[in-house]
Structure formats: structure tokens, C-alpha cells
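Have the model open while you read.

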Amino acid sequence: MASICIQVINPNTSVGMTETIGAAARAVAAPGTDILAVSPGSGVPSIEGHFDEVIAALGVLEQVKAGRQQGVDGHIIACFGDPGLLAARELAQAPVVGIAEAAMHMATLVATRFSIVTTLPRTLIIARHLLKQYEFSDHCAAMHAIDLPVLALEDGSGLAQEKVRERCIRALKEDGCGAIVLGCGGMATLAQELTRELRVPVIDGVSAAVKMVESLVALGLSTSKYGDLAYPEAKALNGRFQSLNPF
């Protein structure tokens, strides 16, 4: 494969989490794949609800526009809510992949049923909406929350990481699942170690999305510009939204 550049967008403003996500992406990227890990300059420090997602989606669109201008070969939205995914596909020409969609797809290729382990209980509802939207509800055995906020994964204590591990072990014992999906971009670096320890596929959406974008680029497939994913209709944007004008 010729050299390509994948823009990995952390939709929150946490620099530490952006570095974590970038490291996970680079760990699986093929030789010749450059990873450009970015995050919005303004927005929310973590994404833990619908309100946060709306704000974060604007930052995602700004980064997609910047990536398109830089000529990147693909974009990844590295938040498990996939905020702004379809809008980003309208704005982009290159492939855009969300980590929840990527992880769920990948899980169905290696197991008939998977469980999800995420952060706060309220985000389970958002994950359930995505399962229905992506038509993976019948493949999901159960969903679990460690009941800690997203930024607990970056506080250096290791408590959140241990709770993720414990919840994955319980899910295997109780759910009848064959794989586990980690439901937060901040969990990205845990997947390989947990896969080795638990001896089942533990899937991180950042890594899954990197390999999907690489595959789409190798196949010469870009986001369709026919139908609802065509570029946004030309119109004057004003005020704070002028910077999002795609033209």
C-alpha cells in the first residue's frame, strides 16, 4: 500500500486522551500509514451525554474540514458515540469511520455475540441507540458500565483500567458472549493486553477503525457523494458557523 495519512479525531478537548488514542492508532497502523491525531481547540473535556455530543460534533466537523484541506486519506471519529458521523461524511470526500460502528462491525466477524463495557451508566442508553441504528442489537449480549467518568481513564490511578478488566471478566462469565467491545476511545490501549489475558477478542474501536480506513483506501473506496451524503447544499453560514462553510 502506498503511504497514506489517517486523521484520528478525538472529539473532546483532553490532550492526554488525544495522545492515548493516537498511540493506539499508531500501534496497529500498517507501515506507510501516518496517523494525525487531533482534537478541537474548544468544546467539552469529555463526552458523556447528548448535550456533550452536539457540542463535540461541531468540533469534529471543523477537524474534518481541516483534514480535507490537508489532503488526508481518511478520518476517524474517536468517540464511542460517533458524534457527527453522518454530517462528517457529507463534508468529507475521504472515508469517515466512527469507532463504535467499526468495533461493532469487527466484533460480528469474530463472534456471534458481543458485550460492551463502557464508562458511565447514562452512556449505555446512547450505545443502545447506536446498536439499533447500526442493526447490531441482535448481536449484543449485554452492556455494562464501570460507573466512572471518561477522564478517570486519564487520572493515572489505574482504577478505571482495573474496573474495565474486572467488568470484562464478569461479562465473559455471565453474558454468553464471544467477544467484548470497549466502549470508550480512552480505553483504546487496553484491548491487546485484555485479549491476551482473557483469550477472547477484546475490540477497541480506534484500532478497528484504523484497519477499516486502510482497507477502504486500499480498495479505492471513498465516501459516496451521491444521495444524502453528497456535499452540503451551498448556502451562506453566518456568525460562529462561518468557519464550517465547506466551500
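## Ground rules

Helices here are DSSP runs (H or I) of at least four residues, numbered from the N terminus. Keep in mind that this is a predicted model.

## The cavity

Rolling a probe the size of a water molecule over the atoms shows where empty space is left. How many cavities of 30 Å³ or more does the structure hold? The count is one, and about 230 Å³ of space lies in the largest cavity. Its lining runs to 23 residues, with Ile47, Cys79, Phe80, Gly81 and Gly183 closest to the centre.

Helix H5, residues 122-133, gives the most to the lining of the largest cavity, with four residues. Sorted by class, the lining of this cavity comes to 11 nonpolar, 10 polar and two charged residues.

## H8 and its partners

Two packed helices are described by the angle between their axes and the distance between the axes. Start with H1 (residues 15-28) and H8 (residues 205-218): their axes come within 9 Å and cross at roughly 45°. The two helices are therefore oblique to each other, and H1 passes H8 in a right-handed crossing. On the H1 side you'll find Ile21, Ala24, Ala25 and Val28, which meet Val206, Ser207, Val210 and Lys211 in H8. That contact splits into six nonpolar residues, one polar and one charged.

Now look at H4 (residues 99-110), whose axis comes within 8 Å of the axis of H8, with a crossing at roughly 85°. That makes H4 roughly perpendicular to H8. H4 brings Ile99, Ala102, Ala103, His105 and Met106 to the contact, and H8 brings Gly205, Val206, Ala208, Ala209 and Met212. Here the tally is eight nonpolar, two polar and no charged residues. Val206 of H8 turns up in the contact with H1 and also in the contact with H4.

## The pocket

Which element supplies the largest share of the lining of the largest pocket? H1 does, with four residues. H1, helix H7 (191-198), strand E8 (202-204) and H8 each supply at least two residues of that lining.

About 260 Å³ of space lies in this pocket. Of its 18 lining residues, Val28, Ala191, Gln192, Asp204 and Ser207 lie nearest the centre. Val28 and Ser207 are also among the residues in the contact of H1 with H8.

Definitions and conventions:
Residues are numbered from 1 along each chain as its sequence is written. This is a predicted model: local features need pLDDT of at least 70, side-chain atom pairs count only at pLDDT 80 or more; totals for chains, interfaces and linings use all residues. Side-chain values use heavy atoms; hydrogens and water are left out. Axes are lines fitted to C-alpha atoms, for helices over the stretch in contact, and angles run from 0 to 180 degrees between N-to-C directions. Angles under 35 degrees count as roughly parallel, over 145 as roughly antiparallel, 65 to 115 as roughly perpendicular and the rest as oblique. A crossing is left-handed if the near helix is turned anticlockwise from the far one by less than a right angle, and right-handed if clockwise. Contact means heavy atoms within 4.5 Å. Ala, Val, Leu, Ile, Met, Phe, Trp, Tyr, Cys and Pro count as nonpolar, Asp, Glu, Lys and Arg as charged, and the others, Gly among them, as polar. On a 1 Å grid over the protein atoms alone, a cavity is a set of points where a 1.4 Å probe fits but cannot get out, and a pocket is an open set with protein on both sides within 12 Å along at least five of seven lines; lining residues have an atom within 4 Å of a point. Grid points are joined across faces, edges and corners, and a volume is the space filled by probe spheres set on the points.
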